[in-house]
Amino acid sequence: MNGHFSAVGDQPANGHYEHGCQVIDEEKEFNRNLNDYLQTMHVTEAGFNYHLISVFGSQSTGKSTLLNHLFGTTFSVMSETERRQTTKGIWLSKNKRETSAGTKMADNILVMDVEGTDGRERGEDQDFERKSALFALATSEVLLVNIWEHQVGLYQGANMGLLKTVFEVNLQLFQKDKNSTPRSLLFFVIRDHIGVTPLSALQNTLIQDLQKIWSSISKPEGLEQSRIEDYFDFGFAALPHKILQGEKFESEVAQLGARFTTGHRVAKGGDGGVAETEGGILLPEYHRRIPADGLSVYAEGIWDQIVNNKDLDLPTQQELLAQFRCDEISREVLVAFDQQLTPLEEKQTQSSKLGKAVVLPDLGSIASEAREKCFKAFEVQASRYHKGVYSRKKQELESKVDGRLKTLYQGQIAAAHKAGVAAFSEAVANKVKAGQKAGGGYEFAEIVSNEKKKTMDIFKAEVDSLAIEGVDWTNFEAQNQLFEAELDEVSSKLRKDEIRRLATRVERWVKSRLGDAVGLEFNKLGSGRGGSGAPEEGEKPATEKDLWDRIWNVFTGVVSEAEVRFSDRAKSFDASDAEVEVGLWRLRRKSWTALREKIEEEVMEGNILMKLRENFEDKFRYDEAGVPRIWRPTDDIEGIYTRARESTLTLIPLLAKFKLLSSQSPPDLIGFIGPQPSGVEAGDEEDLAPIGGVDEEEGKSLEEEMTMLSENKRQDLVVRFKKTADGVYVEAKRSAIGGMTQ
Ligand code: GDP
Ligand code: MG
């Protein structure tokens with residue numbers, strides 16, 4: 001944009017506006033204090049509710065005096081004794097009067113006192129006259145033309161030159177703005193009216209002169225046929241001699257002042273050019289539609305163009321003004337917005353840097369309120385400016401504000417999401433822990449669904465609090481769904497953990513049951529008659545040969561009981577069929593491994609040797625009726641010994657292989673464990689020991705899996721057992737001989 005719009009008020013305001021504010025000084029410089037003056041006078045907040053009036057006329061025709069009487073201003077006037085120009089450049093002052101002759105005057109009347117223009121002190125400086133006329137026309141609603149009665153009809157007089165300038169300048173100024181040619185009121189104040197010639201006659205003479213002037217000026221192309229009435233309305237007043245008829249002067253001035261109120265047009269002016277109006281002389285169509293808070297910037301821009309002899313293009317000026325002011329207003333309204341939002345933005349950035357999920361309290365209400373206030377404040381001030389520029393700047397502001405809110409809101413939702421997930425996991429874990437402490441009587445599925453609902457409600461409340469009515473992007477339904485999906489994912493992870501815990505508990509139970517039951521079966525080996533004591537009623541007498549059948553039965557019985565426990569409980573917390581299936585598969589494998597470990601423990605060298613010895617001793621030392629033998633030298637100790645030893649020795653190959661008596665083959669472990677379910681995930685297998693024959697790729701056969709004693713161990717065991725048996729035999733022998741000697 002043009003460089004001439006720059007920040008206003010960068011000079012310190014002096015606060016003393018004794019004679020109003022000098023807008024243009026004698027060096028033709030624009031005075032930047034204008035905005036400060038308008039602020040001091042409380043005009044800037046008036047919007048369009050102000051009126052700008054300029055006065056023109058030859059020097060020393062009592063213009064300043066008139067304004068001071070009309071509006072209570074204090075423009076300096078020439079003293080009665082020195083005849084010297086006083087008003088330099090252009091001054092502006094606000095009307096100090098509220099009423100005139102009992103009538104309330106219009107609000108915020110601003111009056112510009114323009115330097116006299118007959119060039120006595122400036123020489124033939126037509127240049128300034130032209131420039132100030134342009135300036136006044138571009139800004140003012142009413143041009144007061146101050147004229148002595150005796151000048152009326154003097155076509156060649158100085159005033160007529162001035163009016164010619166005004167007309168030419170007007171055409172130049174408004175030809176670009178054909179659509180909305182602003183009208184102006186040319187209001188003639190005839191001074192020192194003696195009263196002999198009535199005002200109406202003077203009026204006619206003036207109008208004739210004006211028409212003459214209008215026809216004499218050269219008009220731009222296309223405007224040759226234009227009439228003076230197309231651009232101007234005319235108004236007239238006459239005042240008596242101020243000094244000779246002081247009192248009358250005062251009262252007539254007051255009457256004139258009473259006409260400075262707003263009015264409206266009733267009928268277009270006839271040939272005379274005097275429009276019929278109602279109310280005061282200030283018609284809305286005269287207003288230049290520059291908002292009061294942009295007036296000084298606009299005036300400065302206009303003056304800059306004029307002084308630099310640039311083509312004065314008002315629509316362009318108004319657009320430039322709109323851009324400048326809208327930007328300025330935008331910055332102003334963003335200050336308050338920043339005050340609210342910046343601390344929140346900083347807090348959010350900080351905590352996200354630290355990886356903390358901080359949900360800012362009341363963000364939704366704070367942010368939407370700040371947003372609303374910001375937009376409202378912008379609208380109130382900026383909507384007075386050029387519509388196109390305003391709506392563009394409004395969009396710019398909205399996207400700036402909403403861009404920041406979006407970032408904040410996304411951060412907030414991310415934090416709420418993260419915090420929510422953490423709170424949910426923690427709450428479920430705590431409830432489960434408490435449940436376990438209280439003896440395990442908790443319903444996992446219920447805990448999960450309660451906590452999920454609670455967490456979802458909190459999240460939804462936060463998300464809802466961010467919603468702004470009519471603003472699409474604040475609909476966060478998708479985030480709600482995302483959050484729920486993540487909670488479900490976390491739930492299923494927690495459920496997996498819970499299944500693991502359950503599995504561990506069930507496995508422990510299986511282990512302990514197997515420990516007891518298998519231990520018992522092996523203990524029976526200690527009795528040479530295949531069982532401990534008499535068989536219970538209905539029970540088939542145990543034999544050593546069906547050891548593995550019994551163990552397998554016990555094992556499958558325990559496992560199927562465990563399977564029921566596991567699946568019942570797992571289903572109670574909504575585990576899926578696949579999850580249950582995997583759990584059972586794992587349980588069977590783990591149980592087998594546990595069984596194998598237990599058997600290995602039982603057949604460990606020391607343990608099994610002891611069992612074999614007991615078995616042997618039972619057969620050797622007791623007779624068929626279970627009565628301990630007292631060895632006599634005549635007994636066939638050697639025969640009994642050999643039978644007992646051979647009988648016990650048959651146990652070793654039996655123990656070496658897990659083989660069922662019924663089928664003469666290993667149990668169907670592969671069928672028992674079953675194929676790996678499709679639901680097995682990575683990690684489900686990690687803690688599983690390989691099983692020969694089941695896990696083919698492990699390189700161990702089912703045969704090996706079922707081998708409880710290796711060939712080496714077997715031979716070693718035979719040797720050791722024989723030594724033990726030999727020991728017992730020798731002892732028996734000795735006791736037999738000893739018994740005889742006693
Ligand atoms: P300006 O140069 O047009 O602003 O004129 P001033 O207001 O400074 O007044 C110029 C001189 O005219 C002063 O000496 C005033 O006293 C005198 N003056 C003011 N009003 C009237 C008036 O109504 N009639 C006459 N004859 N003189 C006036
Ligand atoms: Mg003056």
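Figure 1. Where pLDDT is low, the predicted coordinates should not be read in detail. Averaged over the protein chain, the pLDDT is 87, and 90% of the residues score at least 70. For the model, the ipTM is 0.99 and the pTM is 0.73.

**Figure 2. Overall extent of the protein chain.** The chain is built from 20 helices and eleven strands. Its radius of gyration is 56 Å, well over the 27 Å that the globule rule gives for 742 residues, so the protein chain is more spread out than a compact globule. Taken along the principal axes, the box filled by the C-alpha atoms is roughly 185 × 50 × 40 Å. Buried residues make up 36% of the 742 in the protein chain. Among contacts between residues at least 6 apart in sequence, 74% join residues that are at least 24 apart.

**Figure 3. Domain 1 and domain 2, with the contacts between them.** The domain assignment divides the protein chain into domain 1 (21–312), domain 2 (322–475), domain 3 (493–602 + 671–684) and domain 4 (605–667 + 706–742). Between the C-alpha centres of domain 1 and domain 2 there is a separation of 56 Å. The contacts between these two domains involve six residues of domain 1 and five residues of domain 2. On the side of domain 1 that touches domain 2, three residues are nonpolar, two are polar and one is charged.

**Figure 4. The largest nonpolar core, viewed around Leu144.** This core comprises 168 residues, of which Val23, Met112, Leu134, Leu143, Leu144 and Phe187 touch the most other members. When neighbours within four places in sequence are left aside, the contacts of Leu144 are with Ile53, Ser54, Val55, Phe56, Phe187 and Val189. In soluble globular proteins, nonpolar side chains tend to be buried together.

**Figure 5. Helix α2 and the elements that cover it.** Helix α2 spans residues 63–71, and eight of its nine residues are buried, so the helix is largely enclosed by the rest of the structure. The buried residues of α2 are Lys63, Ser64, Leu66, Leu67, Asn68, His69, Leu70 and Phe71. Their cover includes the strands β2 (51–57), β6 (109–114), β7 (142–148) and β8 (184–191), together with helix α6 (246–257). Gly72, which comes just after α2, takes a positive phi of about 65°.

Figure 6. Cys374 is placed in helix α9, which covers residues 363–382. Cys374 has 24 C-beta neighbours inside 10 Å and therefore counts as buried, the cut-off being 20 or more. Not counting residues up to four places away in sequence, Cys374 touches Val333, Leu334, Ala336, Phe337 and Val401. Glu129, which is 245 residues from Cys374 in sequence, lies 44 Å from it in space, C-alpha to C-alpha.

Figure 7. The loop between α12 (477–525) and α13 (547–572) holds Asp546. With 17 other C-beta atoms within 10 Å, Asp546 is partly exposed. Although Asp546 and Leu660 are 114 residues apart along the chain, their C-alpha atoms are separated by 6.9 Å.

Figure 8. Most residues other than glycine have a negative phi, and most peptide bonds are trans. Lys28, a residue other than glycine, has a positive phi near 65°, and it is found in the loop between β1 (21–24) and α1 (34–40). Lys28 counts as partly exposed, with 15 C-beta neighbours inside 10 Å. Asp574, likewise not a glycine, has a positive phi of about 65°, and its place is in the loop between α13 and α14 (577–602). Asp574 has 16 C-beta neighbours inside 10 Å and counts as partly exposed.

Conventions
Residues numbered from 1 in each chain as written. Chains lettered and ligands numbered in written order. Predicted model: local features only at pLDDT ≥ 70, side-chain atom pairs only at ≥ 80, totals over all residues. pLDDT = per-residue confidence, 0-100. Domains from an automatic or database assignment. Contact = placed C-beta atoms within 7 Å. Nonpolar A, V, L, I, M, F, W, Y, C, P; charged D, E, K, R; others polar. Core = buried A, V, L, I, M, F, W, Y, C linked by C-beta atoms within 7 Å. Buried ≥ 20, exposed ≤ 12 C-beta atoms within 10 Å, placed from the backbone. Helix = DSSP H or I, 4+ residues; strand = E, 2+ residues; numbered from the N terminus. Rg over C-alpha atoms; globule rule 2.2 N^0.38 Å.
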